[in-house]
Amino acid sequence: MKRWLNPRSALGITLITAALVALPFVVAMGGQAWVRIVNFAILYIFLALGLNIVVGFAGLLDLGYIAFYAVGAYTWALLASPHFGLHWPIWAILPIGAGLACVAGVLLGSPTLKLRGDYLAIVTLGFGEIVRIFMNNLNAPVNITNGPQGITLIDPVAFGAFKFSGNSQIFGFTISGPQKYYFLLVALAVIVVIINLRLQNSRIGRAWQAIREDEIAAKAVGINTRNIKLLAFAMGASFGGVAGGIFAAMQGFVSPESFSLIESVMILAMVVLGGMGHIPGVILGAVLLTFLPEVLRYGVGPLQMAVFGKMLVDPESLRMLVFGLALVLVMRFKPAGLWPSPERKRELTGGA
Amino acid sequence: MGALLEARAVAKHFGGVKALRDVSLSIREGEIYGLIGPNGAGKTTFFNCLTGLYVPDGGGFEFSGAPLQANAPHQAAERGIARTFQNIRLFANMTALENVMVGRHVRTRAGVLGAMLQTRATREEEAAIRQRAEALLHYVRIEDKADDLAKNLSYGDQRRLEIARALATEPRLLCLDEPAAGMNATETEELRELIEGIRKDGTTILLIEHDVKLVMGLCDRVAVLDYGALVIEDVPAVVQKDQRVIEAYLGA
Ligand SMILES: Nc1ncnc2c1ncn2[C@@H]1O[C@H](COP(=O)(O)OP(=O)(O)OP(=O)(O)O)[C@@H](O)[C@H]1O
Ligand SMILES: [Mg+2]
């Protein structure tokens, strides 16, 4: 409240804001594709911070997080596309998507929260797959999700007549669709960062941490551990639902393929690799893990040509190889993540 | 003064081990009640049943006139039963202050929405939580350790912190499981003063302790367990002279 208005922070905030505003225009010099990648990075920040509530704050290993993203995405796709001929506005769909994801979170959470660690991870993993398979098969006998073909021509985000797809003119500037989404996503990401910070330093945030530290002691001081864990699941799931909605609108297309296990694993990797429970770390993890594969995609091919004069390894395979190696190295040498919270660092190094 | 806690034929076994055999006892409002017995007598098991961590196989508890629900630790805390653990269970990577703040959970209300919106009520409650936690650290005399991680505190301070955390739940009955274990004479004396102070401030105390001198000096009444069964429940002067107790415990 009082502290962040001192001159240094004010300068910092101004610089960050300026950088954030300039970013989509600078990046666009390399092509709109890069703006889209930046957008995905922000969407992943959003997702990772949602998962951070479950994994980082409450310490519940969730390997099916993408299911909530899928619920949000399909909610948008079904309520705003020619598939059912519905074109509901954003202020209706986004809360419905978040709400349904939240319900899904509670449905998954209530029977499973007695499980811990690995067991919980396996059940959530199964749940994620079940949701994907549902989306894949709910095209018969009644066609709800259109099966593996997915749903196309999904409405973009729009506020009244202002659409986020295609170019528009603002103050004589031309601003592209991806650039518009960029600003929407940044706004959402800022909100989710603030919510994360506020939750962390709240009565509920402390209860989550207490459960993570010692569940029996937490019970003994009167924390209803079951409900408080469910709350973490529900909160995380709602964020996933919102992110999914924006994803569907931004892409204009959803299919079950986008919600595979590897996506859950990636988001979890962002949280863990960045620094579990530490908000700046999680953001760093999301940004790195979005960009690294893309940089490698564009980088490894030309690099091989330059060094060996021919393609030795298929760039796509090499990309995943380098990526996997990077993950292993980080976990080997920085087990608390690249940018862990001070406490967690102490926890893992054992020092004072 | 009436009975605050009434245990009625509480039984608990682990496989063939009868950890508690129909233990009945009653603790009066405002007293310091000692629970002693040799190792493995079932004292900690009694605590665990009372605080809802174990479900008794028979019998039950009545607390200030209404039955306690089995298997609901958070409800026991809400009803006003707080405890410490024989093998200290703090939130190791939280600061001393945060540990006590967690203890306020059950007496405060702020939810997710309040926290996200930072409503006035939430901010005021948060300030009150912090203030109360600071006061409790002061009460157990570790206010200078407020910002240290719990795991970095000395053994004695950890025991004190655990008591402060338990007090933060505003208990009517405070259950201490061997609070003096591992303490030297000075620390034990300080602990004794602390416990007397807590009682004076209106909290009833149930104390498990191996230090017989401490128990006999501090407690108004003492119960002795042996092999899960209640041997005697009486004032220290009587208990000390009881032949069965001397055989089972004191004489050994
Ligand atoms: N969770 C458990 N599972 C199996 N046996 C248990 C369990 N808890 C306690 N016991 C057994 O029940 C008996 C009573 O144990 P308890 O811990 O209550 O004794 P105690 O009086 O607290 O002893 P101490 O003075 O050593 O703390 C012991 O035989 C113990 O081995
Ligand atoms: Mg014991």
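A residue is taken to be near a molecule if one of its heavy atoms lies within 4 Å of that molecule. In this predicted model, 14 residues surround ligand 1. The closest of these residues are B:Gly40, B:Lys43, B:Thr44, B:Thr45 and B:Gln86. Several polar side chains of chain B also come up to oxygen atoms of the ligand. For B:Thr45, a polar side-chain atom lies 2.5 Å from an oxygen atom of ligand 1. B:Asn39 places a polar side-chain atom 2.9 Å from a ligand oxygen, and for B:His210 the corresponding distance to an oxygen atom of ligand 1 is 2.9 Å.

We turn next to the build of chain B. Chain B is divided into domain 1, made up of residues 3-80 and 171-250, and domain 2, which covers residues 90-153. Taken over C-alpha atoms, the centres of domain 1 and domain 2 of chain B are separated by 28 Å. Where these domains meet, 8 residues of domain 1 of chain B are in contact with 5 residues of domain 2 of chain B. About 460 Å² is buried between domain 1 and domain 2 of chain B, and carbon and sulfur atoms give 49% of this area. Between domain 1 and domain 2 of chain B, the count of salt bridges is 0, whereas 5 residue pairs are in polar contact, with both residues at pLDDT 80 or more. On the side of domain 1 of chain B that touches domain 2, the elements giving two or more residues are α2 (73-79) and α7 (185-200) of chain B. Helix α7(B) provides the largest share of that side, with 4 residues. By class, the side of domain 1 of chain B that touches domain 2 divides into 3 nonpolar, 2 polar and 3 charged residues.

The interface between the chains comes next. Here, 29 residues of chain A are in contact with 35 residues of chain B. The area buried between chain A and chain B is about 2900 Å², with carbon and sulfur atoms giving 64% of it.

At least two residues of the side of chain A that touches chain B are supplied by each of α6 (177-200), α7 (203-213), α8 (215-220), α9 (225-251) and α13 (342-349) of chain A. The largest share of this side, 7 residues, comes from α7(A). Sorted by class, the side of chain A that touches chain B has 15 nonpolar, 5 polar and 9 charged residues.

Conventions. Residues are numbered from 1 along each chain as its sequence is written. Chains are lettered from A and ligands numbered from 1 in the order in which they are written. This is a predicted model: local features need pLDDT of at least 70, side-chain atom pairs count only at pLDDT 80 or more; totals for chains, interfaces and linings use all residues. Side-chain values use heavy atoms; hydrogens and water are left out. Domain bounds come from an automatic or database domain assignment. Contact means heavy atoms within 4.5 Å. Buried area is the accessible area (1.4 Å probe) that two parts lose on being put together, summed over both. A salt bridge is a side-chain nitrogen of Lys or Arg within 4 Å of a carboxyl oxygen of Asp or Glu. A polar contact is a pair of N or O atoms within 3.5 Å; within protein, one must be able to donate a hydrogen and the other to accept it, and residues adjacent in sequence count only if both atoms are side-chain atoms. Ala, Val, Leu, Ile, Met, Phe, Trp, Tyr, Cys and Pro count as nonpolar, Asp, Glu, Lys and Arg as charged, and the others, Gly among them, as polar.
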